[in-house]
Amino acid sequence: SLTFYARDWVDRHLLWFVIPPAIFAALNSLFVIVLGERVPLALKKLGVSFRSQLTSSMLIIALGFCAVLYSASRTEPGTASMWYLICIYFAMTVSELMISPAIMTLISHAAPRHKQGKHMGFWFTANAAGYVGSGAIGALKGVIGYNGVFLLIVIMC
């Protein structure tokens, strides 16, 4: 959805270049490389509890999608600032870096040793189901528009 949003609604002109929409999706990888260990280490240093970590990460992603929802509701096609996309990809990355290590640590500590692989598999299967679900939500764009898609994601978070 965000790549199509970038293509349809975002002003992608930067100096003399037009940024291809897929480049924005690569921001997630860039942010993972830059932030990598920093987010989990900062959370550990601050002593953030597991529950607070999960709750905070969902709030961060919801706020990120609120920013994109605001952008989609206030602009015309081709005029939205690319900063909204940069913000949502940053929020998604921070959220991912808060959730994934916490869940994997929980599994490695709480699951019986002989079932840890199975529980990790369940975690990655849940991720895959989330990707399929997000694709289904994105497919609703034709019916409910970008505003509806982003609002639905905010509500789900």
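I take helices (H or I, at least four residues) and strands (E, at least two) as DSSP runs, numbered from the N terminus. The model I am reading is predicted, so I keep in mind that local features need pLDDT of at least 70, that side-chain atom pairs count only at pLDDT 80 or more, and that totals for chains, interfaces and linings use all residues. Residues are numbered from 1 along each chain as its sequence is written, and side-chain values use heavy atoms, with hydrogens and water left out.

**Entry 1, overall layout.** I looked up the secondary structure of the protein chain and found 7 helices and 2 strands, running α-β-β-α-α-α-α-α-α from the N terminus on. The C-alpha trace spans about 55 × 35 × 25 Å along its principal axes. Of the 157 residues, 34% count as buried (under 20% relative accessible area, with exposed over 50% and partly exposed in between; 1.4 Å probe, protein chains only).

I searched on a 1 Å grid over the protein atoms alone, where a pocket is an open set of points with protein on both sides within 12 Å along at least five of seven lines, and lining residues have an atom within 4 Å of a point. The largest pocket has a volume of about 1200 Å³, a volume being the space filled by probe spheres set on the points. Its lining holds 25 residues, and Ile-61, Met-92, Gly-130, Tyr-131 and Ser-134 lie nearest the centre. I note that α4 (50-74), α5 (82-110), α6 (116-139) and α7 (141-156) each supply at least two lining residues, with the largest share, 10 residues, coming from α6. By type, the lining divides into 14 nonpolar, 10 polar and 1 charged (Ala, Val, Leu, Ile, Met, Phe, Trp, Tyr, Cys and Pro count as nonpolar, Asp, Glu, Lys and Arg as charged, and the others, Gly among them, as polar).

I checked α4 against α5, which pack at an angle of about 160 degrees with their axes 9 Å apart. That angle makes α4 roughly antiparallel to α5 (over 145 degrees; under 35 is roughly parallel, 65 to 115 roughly perpendicular and the rest oblique). The residues of the contact of α4 with α5 divide into 19 nonpolar, 6 polar and no charged. Helix α2 (residues 21-35) packs on α5 at about 45 degrees, with the axes 9 Å apart, which makes α2 oblique to α5. Axes here are lines fitted to C-alpha atoms, for helices over the stretch in contact, and angles run from 0 to 180 degrees between N-to-C directions.

I placed Leu-46 in helix α3 (residues 38-46), and Leu-46 counts as exposed because its relative accessibility is 66%.

Definitions and conventions:
On a 1 Å grid over the protein atoms alone, a cavity is a set of points where a 1.4 Å probe fits but cannot get out, and a pocket is an open set with protein on both sides within 12 Å along at least five of seven lines; lining residues have an atom within 4 Å of a point.
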